[in-house]
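Reader: I would like a close look at a single part of this model. Please keep it brisk and give the cut-offs.

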Amino acid sequence: VDSKHGLTAPELMEILGGYDALVVRSETKVTAEIIGAGKKLQVIARAGIGVDNIDLEAATSAGIPVVNAPTGNTVAAAEHTLALMLALARNIPEAHRSVKGGEWRRSAFMGIEVRNKTLGIIGLGRIGEAIVHRALAFKMKIGYHNRSPKNLPYTYYPTVTELAVNCDVLLCLLPGGEDTNNVIGADVFQNLGPEGIFINVGRGSSVDEEALVAALKAGLIAGAGLDVYAHEPAVPEALLSMEQVVLFP
């Protein structure tokens, strides 16, 4: 096993011909050209759930199976998502910076309780269900939107907009793909409301980032937590100076 990090596409193509298997995370884009360079490849594996960074059609044409590990980081992802939610609810990053700067402004960072608030989840899969189990311990209510309802004791909303109207924290867990591009835009933020929190830990392409910035500037929503962006590693400049935003790489 050779562990190599930070390779460019040409560098990966140059060495791939000598390997039988390729294991990647989300950052490596396994294009048709890269697959073509893997003359000996028997399998391509994604260490995680999403395989949208792998050209499945090219892999299929080459007779190379693609596998993933859908439960590998479920708990970590769920805990991380709740950490973002609580950081926003309790103003933790701002309070941290304030105390580090020598201030003592207790009343400025009161925040809100998440108890009895409604968590709305867009894309209720394995990670979403792990988040739900933990959110219920906070005594939160649960709503969700999928392409179709599931046999679960939570409130189903047929559209993202309807879910936004009826929740306090809106969480996006959508996978990548053309059918999920920019599905969360200005109308969703308008319906989430001025006390609403938006969190995206799915794919950056699912969110209209300009609409998100506009909503935050106008006070249409209370805050946002993000660990994915439309053009990674680029983060919209406007988000960097906003106190009501928690950003994670």
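The answer below takes up one loop, then an aromatic pair and the cysteines.

Reader: Where does G193 lie, and which residues does G193 touch?

Author: This is a predicted model, where local features need pLDDT of at least 70, side-chain atom pairs count only at pLDDT 80 or more, and totals for chains, interfaces and linings use all residues. Residues are numbered from 1 along each chain as its sequence is written, and side-chain values use heavy atoms, with hydrogens and water left out.

G193 sits in the loop between α8 (186-192) and β8 (197-200). Helices (H or I, at least four residues) and strands (E, at least two) are DSSP runs, numbered from the N terminus. G193 is buried at 11% relative accessibility. Buried means under 20% relative accessible area, exposed over 50%, partly exposed in between (1.4 Å probe, protein chains only). Leaving out residues up to four places away in sequence, G193 touches L220, I221 and A222. Contact means heavy atoms within 4.5 Å.

Next, the rings. Rings of Phe, Tyr and Trp (its six-membered ring) pair if their centres lie within 6.5 Å; planes under 30 degrees apart count as stacked, over 60 as edge-to-face and the rest as tilted. The count is two aromatic pairs. One of them is F189 with F198, edge-to-face, at 5.3 Å centre to centre and 80° between the planes. Both F189 and F198 are buried.

Last, the cysteines. A disulfide is a pair of cysteine sulfur atoms within 2.5 Å. The count is zero. The sulfur of C167 has its closest cysteine sulfur in C172, 12 Å away, so the two are too far for a bond. C167 is buried, at 5% relative accessible area. C172 is buried too, at 0%.
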